[in-house]
Amino acid sequence: MSTKEKKPSVTLTSYSIKAIIPTGPYANIQSEIIVSAKTLDEARDYVLPHIDQLFETYLNRSERRVPVVSQTKGTEVKPIAITEVKSANVVDVTVKPVEPTVAVADKAPENKPNAVDKATNAINSCLTVDALELIAKQIEKSVKLNAMEKLDLGMLVVNKQKALSAKK
Amino acid sequence: MDDDIYELQEQVPAVKLVLPRAYISWSQMNCWLTNKARFRKEYFENGERLDTKFLRFGKVIHEMIENGTYKSILPDLTVFSTNELEIRCDVAGVPVLSFIDSYDEKTNWFRDTKTGKIPWTKAKVQKHDQLLFYATTLKWKTGRMPERCFLDWIETREQVTEYGDFWDSKKELNVTGKIITFEREFDEREILRMEQLIIRSANEISEAYRKYIEEI
């Protein structure tokens, strides 16, 4: 006896994720990636890495420290090359990292774990809404935290906010 | 009192206070003034609070006074009608919290209890700013400056208790029954000094806290 295959009643026509990425004070970029795919998982797996890449590249870009490069005679620093690969609906931004020919005076901050710990401890220990607001603002503009860390800390802030409101 | 408030208000800064707790307490202020590194660890970084068996013992005695069971071990201890009085008030714009061990509403006097091996002295009581802190909060809460307070020192001693064989013994802390009471009077000028110290400490803590948050 054969069993009839049930046809899916819903067809995925398009899947989009919109990301608003703060690039600095009163500035942001809003990118939307729209794809069509057979399943939600496929669409999500394709889109999310691009969104992450955009965050990595553009988040608080105007506030990031620029490495101080001391130049000696006869040398030059190569500029960063940016290429855009466009398809009908997908924007793909590739950034080629620069290979400095001279010593970089300012190294990238090595204290990322400390910033996360500091933020977590600050959130957990504060008992006032004013302090929590200040901490939340600082997390948003911090250059020591990446996008995922900020998202995680954001959740901690929300939970703490609820806890403080419940106490009132 | 009006002149004093005017003088204090000149010191209250325009920048809003941001404090790790919603108030300043004696423990916070004393920690800030004596050990800023420990303050940072305990109040900014969610570190462990100082905890010793002597502090825990003192806490137990305070609980016994609060619930009335102290009479079995300290029958000679004098307590007032209200115990563990919580005071929340503003001292010239600074939110303050204090817990007074024992308080008499009629006279506006209070008592503070200390436990320890080393006896207190009149000079030590006079210099002990915690009593001045409490007097200041009482003044701002009730509108009346307390004329005097009492500090009751309860002597403690560690004794070895054996639970069977000689190696099965433990050092235990206990009261000896000896109590020495000191009386301390207050002066308007020293209350004003404490008010200024509270404001200054709150401002410093707020500034340090903002800087700490900016390090994130």
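How much area do chain A and chain B bury between them? I looked this up before anything else. The two chains bury about 1500 Å² between them, with 59% of it on carbon and sulfur atoms. Buried area here is the accessible area (1.4 Å probe) that two parts lose on being put together, summed over both.

**Ground rules.** I am working from a predicted model, where local features need pLDDT of at least 70, side-chain atom pairs count only at pLDDT 80 or more, and totals for chains, interfaces and linings use all residues. Residues are numbered from 1 along each chain as its sequence is written, chains are lettered from A and ligands numbered from 1 in the order in which they are written, and side-chain values use heavy atoms, with hydrogens and water left out.

**Interface.** I found 19 residues of chain A in contact (heavy atoms within 4.5 Å) with 18 residues of chain B. Two salt bridges cross the interface; the rule asks for a side-chain nitrogen of Lys or Arg within 4 Å of a carboxyl oxygen of Asp or Glu. I noted that Lys118(A) and Glu215(B) meet in a salt bridge through their side chains, at 2.7 Å, N to O. On the side of chain A that touches chain B, the elements giving two or more residues are α2 (112-125) and α3 (129-141) of chain A. Helices are DSSP runs of H or I, at least four residues, and strands are runs of E, at least two, numbered from the N terminus. The largest share of that side, seven residues, comes from α2(A).

**Chain B overall.** I went on to the fold of chain B. Chain B has seven helices and five strands. From the N terminus on, the order is α-α-α-α-β-β-β-α-α-β-β-α. Of its 216 residues, 42% are buried. Buried means under 20% relative accessible area, exposed over 50%, partly exposed in between (1.4 Å probe, protein chains only).

**Helix α2(B).** I listed the buried residues of α2 (residues 26-34) of chain B: Trp26(B), Gln28(B), Met29(B), Cys31(B) and Trp32(B). They pack against α3 (36-44), β2 (94-104), α6 (129-142) and α7 (188-214) of chain B.

**Phi check.** Most residues other than glycine have a negative phi. Glu84(B) has a positive phi of about 50° and lies in strand β1 (residues 82-91) of chain B. Glu84(B) counts as partly exposed, because its relative accessibility is 25%. Ala92(B) also has a positive phi of about 50°, and its place is the loop between β1 and β2 of chain B. Ala92(B) counts as buried, because its relative accessibility is 13%.
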